[in-house]
Structure formats: C-alpha cells, structure tokens
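Me: Hi! Could you walk me through this one while I have it open on my screen?

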Amino acid sequence: MSLRMFRELAEEKGGNCISIYIPTSRAGEKVISKHAQKKLKNKLKETSSALVEAGTGKKETAALLKPAEEMLEDDNFWRNQSDGLAIFINKNGMRSFTLPVDFEERVYTGDHFYLLPLFPFFNDDGEFYLLALSQKEVKLYECSKNHITGIVIDDLIPGSLEDVVGYDYEDKSLQHRTGHGGDAGAMFHGQGRSKDEDKDETARYFRAVDKGLMKLLADDKKPMVLACVEAHFPVYQQITSYPGLFDSFISGSPDKEDPLVLHSEAWLLIKEFFRKQRENKIKTFRKLSGTSKTAVVPDDIVIASVDGRIDTLFVASGKDKYGTYDAEKRKLNISGGERKGRDVSLFNFSAVNTFLNGGWVYISTGDKMPLENTGVNAILRY
C-alpha cells in the first residue's frame, strides 16, 4: 500500500464503506488448513448482518460483498500472504492489501473507512523521499519502512545532463584540425576539460532538476535521502531549495541499482532519525503538558483534529471512544461503552483528520503513551 492509496481511502466518504482486518500466515499448517479464509468468511457474514441491520438491502449487500466472497476461492492468493490482510469495499469496488502488520480481527461499517490499524505501517516508521540522482536520469520515490513507490516526475525535470547543457557536451572538448598530406583527412585531438567546468555543468543540471522538483515538493518537509556518486552530494546539497535533505546519503551510481536495494539502504540511514523524532515528540508533549499546547480530553482532540490544529496525535492501541460529530453545529456527542447506531470511532476520526491536515499519528501501548494509560494525547499547533 502506498501513501497515496492510504490518502485516497482517508478522503473517501459517503455510502457504505466496509473495512475488514484479519491476521494471516505466510506458510505452514494455518495456510494448509485455510485458517485465514475461514476467518474472512466469518467476517463477511458479520459484515452482511451489520449492513442489513443498518438498512441496506440484501441485494445491495450481496453485490458489495461479492468480490470478497469470490476471493475466498482463490487459493493462490492465500498462499502468498504476509502477516495481515486489510480489505476495503464501497461503491467504487474492493481494494485488498497484504501487509507485514499483525492485525486484530475487525469489521467496521459506516460512511468512511476505518484506518487506525494502518497507521503503524506509515507514521510509526516515518515517511521520506528517496531521490536517485545522476547525470543520466533522476528518479523520485515516496517511502516508509515497508514500502517504496515511484513518483512520475518526467514532466517536471530534464531527462539528463545533456538535455540542459546540450548534446555537444561529450564532444565539445574535441577540437577539429585539418590533416596534412595524403588521405589523412580530418583529425581530432582532445583538449581536456577542467574539474571546474565539469562541476559547473553538473551544477547547472542539478539546478534545473531542483527547480522542477520544487514544483511538486514546495510545501513538503519530509526528509529526503539522496542516492548519488560521492562528488555529486555536496553539489546538490548546496543547490537544493528542499529543506528536508538528509545529511547522509547512499554513495554510488544509482542508475542500474534495484530500487528495493536503494530503499533498504535508505532505511538503514534514516531509521534512527525517526526513532529520535518520536522520542522528541513525547518529550515535547511532556514539557508542554498542562498548557494550551496539549490536549488529553477526547472532546477537545476531536474538535482540534477537525480544525487542523493537531501537530502530533498519540493513540493508545486497543482503546477507543465512540460517538457522533455534527459538523454544522460543531457538536460532539460521546456514547458510553460499545459502538452503536450511527456512532463512529472518534479515535479513527481524529487520526484521519490529523493525517489529512499534515500531522503525525503514533499508535502506542498504554504505558508508552506520553501521559501513561490514557487513550489519546495531542500536541497542538495553536
């Protein structure tokens, strides 16, 4: 699953939105005995009952769930699983994701998708860019610990150094002179280029690349890891307008390197950065605790998430609050206990709003929360 797909799911609203999570197995007896298929079959029955009870007709319910029902018979699909399976169904069809996350079984129906279990796949392990930069081509990837997705930038940047400095780049150091006598004809001799000339040409190319990238990344601050030859890093570092360029890089030509290898090397460089970032967020919360820059009351956090005021949200795993939010009246009603009727998961609601407004969302165990054994904590922007 890519960040773009996650955002698309977060932005979809209206109609019947079905979210199903089940744990799966990579191999062994549970695969042979179709353990995961049986779990999904039970969850589909639960989903059908929930939809019908909420007023959805039986034919519409059957049509919505048909793709998932058909998936039950695809043995090849079930032999190629990871730790968890997430399924999302609405009027636009079904999307399923095999992920290295050990999900608890869950069915959630409403006018939006339930995405809280997916946040550890993204924000807990950080989001960053990987830029593979050379004189021949440039590739940009959007990454987290567990995924890498290419971003199309061909229409924003020059294809190669030659596109910027001209196609005579390789030949312009060759000087023509006339041969003497016989059939010698035209001859050439090399006039060496200085290092300064090469650096100037490279810098000119990198400026054009950076100008194009900034059209896409102008408002972004996620860290960016560069993969390039050693001599190019200080050149690009001096030129770029991007504020998140990471101070360590992957050394070597990235032209023919497998993106998965580059991603693995990038994560080794940057993972400590994300661990410290999370620790710093916790320290910041504790330092500001008791002031207007933090919130721990669910009512306050829900409203702040709608307003885009949350910089960082911490959610305790396994905990939730249910209720309804009236956007017109800006009124929140929290139910007691289990979800019922038109209730929504308020922790999911707050997390999705925080994400869509550019904030961080961390899922933590109760004793790892900034304020221990609470359900939600937030650092506020204002």
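This is a predicted model: local features need pLDDT of at least 70, side-chain atom pairs count only at pLDDT 80 or more; totals for chains, interfaces and linings use all residues.

Me: Great. How many helices and strands does the chain have?

Reply: The secondary structure comes to 12 helices and 18 strands. The chain has 382 residues, and 48% of them count as buried.

Me: And what share of the contacts with a separation of 6 or more comes from residues 24 or more positions apart?

Reply: Those account for 66% of such contacts in the chain.

Me: Let's look at helix packing. At what angle do helix 1 and helix 12 pack?

Reply: At about 125°, with the axes 10 Å apart. Helix 1 covers residues 3–11 and helix 12 covers residues 346–356. Angles over 145 degrees would count as roughly antiparallel and 65 to 115 as roughly perpendicular, so this pair is oblique. The crossing is left-handed.

Me: Which residues meet there?

Reply: From helix 1, Phe6, Arg7, Ala10 and Glu11 meet Val352, Phe355 and Leu356 of helix 12. By class, that contact has 5 nonpolar residues, no polar ones and 2 charged ones.

Me: Is helix 12 mostly covered or mostly open?

Reply: Mostly covered: 9 of its 11 residues are buried. Among them are Leu346, Phe347 and Asn348, along with Val352 and Phe355.

Me: What follows helix 12?

Reply: Glycine 358 does, and its phi is positive, near 85°.

Me: Now the other pair. How do helix 3 and helix 4 cross?

Reply: Their axes come within 10 Å and cross at roughly 165°. Helix 3 spans residues 35–53 and helix 4 spans residues 58–71. Anything over 145 degrees counts as roughly antiparallel, so that is what these two are to each other. Here the crossing is right-handed.

Me: What is that contact made of, by class?

Reply: It has 8 nonpolar, 3 polar and 2 charged residues. On the helix 3 side you'll find Leu40, Leu44, Thr47, Ser48, Leu51 and Val52. Helix 4 brings residues including Lys58, Leu64, Leu65 and Met71.

Me: Switching to loops: where is aspartate 320?

Reply: Aspartate 320 is in the loop between strand 13 (310–316) and strand 14 (322–326). Leaving out residues up to four places away in sequence, aspartate 320 touches Tyr114, Ser345, Leu346 and Phe347.

Me: And how far apart are aspartate 320 and asparagine 348?

Reply: They are 28 residues apart in sequence and 8.2 Å apart in space, C-alpha to C-alpha.

Me: Which residues other than glycine have a positive phi?

Reply: Two to look at are arginine 330, with phi near 50°, and asparagine 373, with phi near 60°. As background, most residues other than glycine have a negative phi.

Me: Where do they sit?

Reply: Arginine 330 is in the loop between strand 14 and strand 15 (331–334). Asparagine 373 lies in the loop between strand 17 (360–364) and strand 18 (376–380).

Me: Why does asparagine 373 count as exposed?

Reply: Because its relative accessibility is 52%, and exposed means over 50%. Arginine 330, at 42%, is partly exposed.

Me: Last topic: how many disulfides does the structure hold?

Reply: It holds 0 disulfides.

Me: And are cysteine 17 and cysteine 143 buried or exposed?

Reply: Cysteine 17 is buried, because its relative accessibility is 1%. Cysteine 143 is buried too, at 0%; the cut-off for buried is under 20%.

Technical notes: Residues are numbered from 1 along each chain as its sequence is written. Side-chain values use heavy atoms; hydrogens and water are left out. A disulfide is a pair of cysteine sulfur atoms within 2.5 Å. Buried means under 20% relative accessible area, exposed over 50%, partly exposed in between (1.4 Å probe, protein chains only). Axes are lines fitted to C-alpha atoms, for helices over the stretch in contact, and angles run from 0 to 180 degrees between N-to-C directions. Helices (H or I, at least four residues) and strands (E, at least two) are DSSP runs, numbered from the N terminus. Angles under 35 degrees count as roughly parallel, over 145 as roughly antiparallel, 65 to 115 as roughly perpendicular and the rest as oblique. A crossing is left-handed if the near helix is turned anticlockwise from the far one by less than a right angle, and right-handed if clockwise. Contact means heavy atoms within 4.5 Å. Ala, Val, Leu, Ile, Met, Phe, Trp, Tyr, Cys and Pro count as nonpolar, Asp, Glu, Lys and Arg as charged, and the others, Gly among them, as polar.
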